[in-house]
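Try each task yourself before reading the solution below it.

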Amino acid sequence: MTDSIATVTRDVLDRLGVGSALYSGGTLDSFSPVTGERIAQLPQQGPADVTAAIDRAVTAFRAWRTVPAPRRGELVRLLGEELRTSKDDLGRLVSIEAGKSPSEGAGEVQEMIDICDFAVGLSRQLYGLTIATERPGHRMMETWHPLGVVGVISAFNFPVAVWSWNTALALVCGNPVVWKPSEKTPLTALACQAILDRALARFGDAPEALSQVIVGGRETGEALVEDPRVALVSATGSTRMGRQVGPKVAARFGRTILELGGNNAGIVCPSADLDMALRAIAFGAMGTAGQRCTTMRRLFVHDSVYDQLVPGLVKAYASVTVGNPLTTPALVGPLVDRAAHDAMQAALQAAKAAGGTVHGGTRVTDAGPEAAFYVRPALVEMPAQTGPVLEETFAPILYVMCYSDLDDAIAQHNAVGAGLSSSIFTTDLREAETFLSAAGSDCGIANVNIGTSGAEIGGAFGGEKETGGGRESGSDAWKGYMRRATNTINYSRELPLAQGVSFDI
Ligand code: NAD
């Protein structure tokens, strides 16, 4: 690349239709992890702006909730079309702002397109049940109605997909969205808004302020969380953030979808296809420089195959290409910032102190300038699941442990706070089914012979325990964005009471 990354960013923003007034002259610095360079200075919005945005969203809700759902789906269909047109530029902006490889940046935009397709179909399938009633001449049914303003808070590592998972569903379900993106990735948020604005212009008669972006830090997010007019807060980020957001929304009886940290693990059984397992583990643990919520962070390997698998993994860790994702075909890009690097080094020190043998983990200084943080992914052989292994460190560290009994391995697997994603590698039906059973993995996602990351939008996405319990994306996750009413209609001339109660006056 000959131009500076700031120049490239401006060109991409220009093509995406983001006006320069939105990203220059402000107080929020946006950096690219690829070079550590500052690429924009954005005007920030504070709590008063959040209140004004919610005022507008409430007005939008009154109009949008009465638009027939299939017509609402048409807006999301147009959004999907606009995303297809902008896929290359938006994917590139994701790479610039979050440091992902071009393939992962484009993959994230593809996920947005996929959820739009899903939501368009859903707009004609917001079904309620008809339920048998015990009273003659009555009919009982469920109807699903729009819920209200949806507040979306998102993390830096999926800067655009998380917005789309929420927004595509919220819009077809009849709700406006107010989005507070990560302060580390505001430019991609502005680009999403510009893309949606084009879809809205083609749609024609949507109310104003159906989807708004609020750029700012934690206080801005807090204003969204505390406003009782925000019916649903869908918050993606660390468990620390969820511990703050969850109780605040619960105290005002609001609804939350919490998508928080993961400490995802794999189990490699004696019968596993070890070549396949090695590739799945390498992608799951090192992809996106270990900065996916579903990154594989722990691995339990049966003692009979440990010496066949682990040396191969150590070799893969030593040879994986680390470098600038925009100018080289490197598989591992940068960490998001210095704090992520320091947290990784602290975890590796703690692992050593707990008896771990660390392979890799050092800074790769020739991959980028001083202000960028590239590291060789770390594989750490641990004598036991202790210390840093129990926590999520948002960096490419894979802790590897040996096991001899599957029930034991499953117990260890479940003995951490988070409960997002999990995998077993086996060709033994009994082992696979045990892992998927009620006595198996306690995570929201449990896979066989694939890694922990790379979920498809058709399934409900989310995790248990300290991952927050929320579900987004496919399956029946749409129900989280609607309110359910049970309706009973008496079309007889009598008034029989339920449970045979008599009340004759
Ligand atoms: P983070 O928790 O630092 O920030 C996430 C968002 O929350 C940001 O927009 C931030 O401004 C906002 N925020 C922080 N404190 C807040 C508060 N008190 N009130 C309102 N808003 C607040 O997370 P991050 O570093 O951006 O992202 C990495 C984390 O996100 C990891 O733990 C990762 O596992 C998790 N994550 C989870 C999922 C999932 O689906 N489960 C997906 C992506 C990332």
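The exercises below concern a predicted model, and each one comes with a worked solution.

**Exercise 1. The ligand and its surroundings**

Find which residues come nearest to the ligand, and which elements give two or more residues to the shell around the ligand.

Solution. 
- Step 1: Begin with the shell. There are 28 residues around the ligand, and those that come nearest are Lys180, Glu183, Ser238, Gln244 and Glu392.
- Step 2: Look at the polar atoms. Lys180 places a polar side-chain atom 2.7 Å from an oxygen atom of the ligand. In the side chain of Glu392, an N or O atom is 2.6 Å from an oxygen atom of the ligand. For Glu259 the backbone is involved: one of its polar backbone atoms is 3.5 Å from a nitrogen atom of the ligand.
- Step 3: Turn to the cover. The ligand taken alone exposes 850 Å², and the protein buries 93% of that.
- Step 4: Assign the shell to elements. Helix H7 (218–226) and helix H8 (239–251) each give two or more residues. Of the elements, H8 gives the most, with 4 residues.

**Exercise 2. A threonine in helix H8**

Decide whether Thr239 is buried or exposed, and list what its side chain reaches.

Solution. 
- Step 1: Thr239 belongs to helix H8.
- Step 2: Apply the cut-off. Buried means under 20% relative accessible area, so Thr239, at 17%, counts as buried.
- Step 3: Follow the side chain. Another reaches the backbone nitrogen of Gly261, at 3.4 Å.
- Step 4: Check the contacts. Leaving out residues up to four places away in sequence, Thr239 touches Leu260, Gly261 and Glu466.

**Exercise 3. Salt bridges**

Work out how many salt bridges the whole structure holds, then describe the pairs formed by Glu108, Lys248 and Arg471.

Solution. 
- Step 1: Side chains of opposite charge can pair when their charged atoms come close.
- Step 2: Take the total. A search of the whole structure gives 21 salt bridges.
- Step 3: Examine Glu108. Its partner is Lys100, with the closest N and O atoms 2.7 Å apart. Glu108 has a relative accessible area of 1% and is therefore buried; Lys100, at 4%, is buried too.
- Step 4: Examine Lys248. It forms a salt bridge with Glu222, where the closest N and O atoms are 3.9 Å apart. This pair links distant parts of the chain, since Lys248 is in helix H8 and Glu222 is in helix H7, 26 residues apart. Lys248 is partly exposed at 31% relative accessibility, and Glu222 is partly exposed at 24%.
- Step 5: Examine Arg471. Its side chain meets that of Glu464 in a salt bridge of 2.5 Å, N to O. Arg471, with a relative accessible area of 25%, is partly exposed, as is Glu464 at 32%.
- Step 6: Look for a network. Salt bridges link Glu74, Arg77, Glu81, Glu82, Arg198 and Arg202.

**Exercise 4. Two loop residues with positive phi**

Locate Ala209 and Asn449, and give the phi of each.

Solution. 
- Step 1: Ala209 sits in the loop between helix H6 (186–203) and strand E7 (211–213). Its phi is positive, about 60°, although Ala209 is not a glycine.
- Step 2: Asn449 is in the loop between strand E17 (445–448) and strand E18 (460–461). Here, too, phi is positive at about 60° in a residue that is not a glycine.
- Step 3: Consider the accessibility of Asn449. With a relative accessible area of 24%, Asn449 is partly exposed.

**Exercise 5. A glycine and a surface patch**

Is Gly333 buried or exposed, and which residues make the nonpolar surface patch that includes Phe503?

Solution. 
- Step 1: Gly333 lies in the loop between helix H10 (306–319) and helix H11 (338–353). Its relative accessible area is 10%, so Gly333 is buried.
- Step 2: Beyond its neighbours within four places in sequence, Gly333 is in contact with Gly99, Ala289, Gly323 and Tyr374.
- Step 3: Now move to Phe503, in the segment after strand E21 (482–490). Phe503 counts as exposed, at 65% relative accessibility.
- Step 4: Leu495, Leu497, Val501, Phe503 and Ile505 make the nonpolar surface patch, of about 630 Å².

Methods. Residues are numbered from 1 along each chain as its sequence is written. This is a predicted model: local features need pLDDT of at least 70, side-chain atom pairs count only at pLDDT 80 or more; totals for chains, interfaces and linings use all residues. Side-chain values use heavy atoms; hydrogens and water are left out. Patches are made of residues with over 30% relative accessible area and no salt bridge: like charges are joined within 9 Å, nonpolar side chains (Val, Leu, Ile, Met, Phe, Trp, Tyr) within 5 Å. Accessible areas come from the Shrake-Rupley method with a 1.4 Å probe; for residues, only the protein chains shown count as cover. A salt bridge is a side-chain nitrogen of Lys or Arg within 4 Å of a carboxyl oxygen of Asp or Glu. Buried means under 20% relative accessible area, exposed over 50%, partly exposed in between (1.4 Å probe, protein chains only). Contact means heavy atoms within 4.5 Å. A residue is near a molecule or strand if one of its heavy atoms lies within 4 Å of it. A polar contact is a pair of N or O atoms within 3.5 Å; within protein, one must be able to donate a hydrogen and the other to accept it, and residues adjacent in sequence count only if both atoms are side-chain atoms.
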